[in-house]
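Here is a friendly walk through one structure, taken a piece at a time. Have a look at the model first, then read on.

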Amino acid sequence: QVHLVEAGGGLVQPGGSLRLSCATSGSFGGIQAMGWYRRTPGKQRELVAADIGGGTTKYADSVKGRFAISRDNDKNTVYLEMNSLKPEDSAVYLCFSNVDTAGVITTHWGQGTQVTVSS
């Protein structure tokens, strides 16, 4: 069993900041990629940021320069620092982990955390 627990969502004013965290626990050999998607009603799910290992990160164009993803491998935790937030960043943020168990890679998801950017 693999479990992901997210924390850090909430309500923030435009221009503000939030930090999300996502901890992966359970039985597995290692974690390859970790990251965040977001989901908004009426829109396709969007990859926000991912750490794919080896220091390589990917960001959606809409968040480049404002969001930063980081990872603590000792804690199996990924963080998303979100700055200069805009109303269009409002969404449910879903973290994922691609875990390696005996050479088999499987994707697991957090429960989702709501981020609302509004004055």
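## A serine in a loop

Let's begin with Ser90, which sits in the loop between strand 8 and strand 9 (91-101). Strands here are DSSP runs of E with at least two residues, and they are numbered from the N terminus. Before going further, note that this is a predicted model, where local features need pLDDT of at least 70, side-chain atom pairs count only at pLDDT 80 or more, and totals for chains, interfaces and linings use all residues. Residues are numbered from 1 along each chain as its sequence is written, and side-chain values use heavy atoms, with hydrogens and water left out.

What does the side chain of Ser90 reach? One of its polar atoms lies 2.9 Å from the backbone oxygen of Pro87, and the backbone nitrogen of Val117 is 2.8 Å from a polar atom of the Ser90 side chain. Polar contacts like these are pairs of N or O atoms within 3.5 Å; within protein, one must be able to donate a hydrogen and the other to accept it, and residues adjacent in sequence count only if both atoms are side-chain atoms. Setting aside neighbours within four places in sequence, Ser90 is in contact (heavy atoms within 4.5 Å) with Thr40, Val115, Thr116 and Val117.

Now for an open sheet of four strands, in the order 1-3-8-7 and with antiparallel pairing. Strand 1 and strand 7 (67-72) are at the edges with a single partner strand each, so one side of each has no neighbour in the sheet. On average, neighbouring strands of this sheet are turned by 15 degrees against each other, direction ignored; the axes behind such angles are lines fitted to C-alpha atoms, and angles run from 0 to 180 degrees between N-to-C directions.

Two strands count as paired if DSSP finds at least two bridges between them. Strand 1 (residues 2-7) and strand 3 (residues 18-26) are antiparallel and pair over six bridges. Along this pairing, His3 stands opposite Ser25, and Glu6 stands opposite Cys22. Strand 3 is also joined to strand 8 (residues 77-82) by six bridges, again in the antiparallel sense, and there Ala23 has Thr77 as its bridge partner.

## One disulfide

How many disulfides does a search of the whole structure find? There is one, and it joins Cys22 to Cys95, with the sulfurs 1.9 Å apart. (To count as a disulfide, two cysteine sulfur atoms must be within 2.5 Å.) Cys22 belongs to strand 3 and Cys95 to strand 9, so the link ties together parts that are 73 residues apart in sequence. The link of Cys22 and Cys95 is right-handed, with 50 degrees about the S-S bond.

Are these cysteines buried or exposed? Cys22 counts as buried because its relative accessibility is 0%, and Cys95 is buried at 0% as well. Buried means under 20% relative accessible area, exposed means over 50%, and partly exposed is in between (1.4 Å probe, protein chains only).

## A buried glycine

Gly35 has its place in strand 4 (residues 30-39). With 0% relative accessibility, Gly35 counts as buried. Gly35 and Ala49 are 14 residues apart in sequence, and their C-alpha atoms are 5.6 Å apart in space. Beyond neighbours within four places in sequence, Gly35 is in contact with Ala49, Ala50, Ile69, Leu94, Cys95 and Phe96.

## A hairpin and its rings

Strand 9 and strand 10 pair antiparallel over six bridges. They form a hairpin with two residues between them, and Ala102 in the turn has a positive phi of about 55 degrees. Across the pairing, Ser97 stands opposite His108 in strand 10.

The structure holds three aromatic pairs. One of them is Phe96 with Trp109: the ring centres are 5.8 Å apart and the planes at 50 degrees, so the pair is tilted. Phe96 lies in strand 9 and Trp109 in strand 10 (residues 104-109), so the pair ties together parts that are 13 residues apart in sequence. For such pairs, rings of Phe, Tyr and Trp (its six-membered ring) need centres within 6.5 Å; planes under 30 degrees apart count as stacked, over 60 as edge-to-face and the rest as tilted. Phe96 is buried at 7% relative accessible area, whereas Trp109 is partly exposed at 35%. Together with Tyr37, Phe96 and Trp109 form one aromatic cluster.
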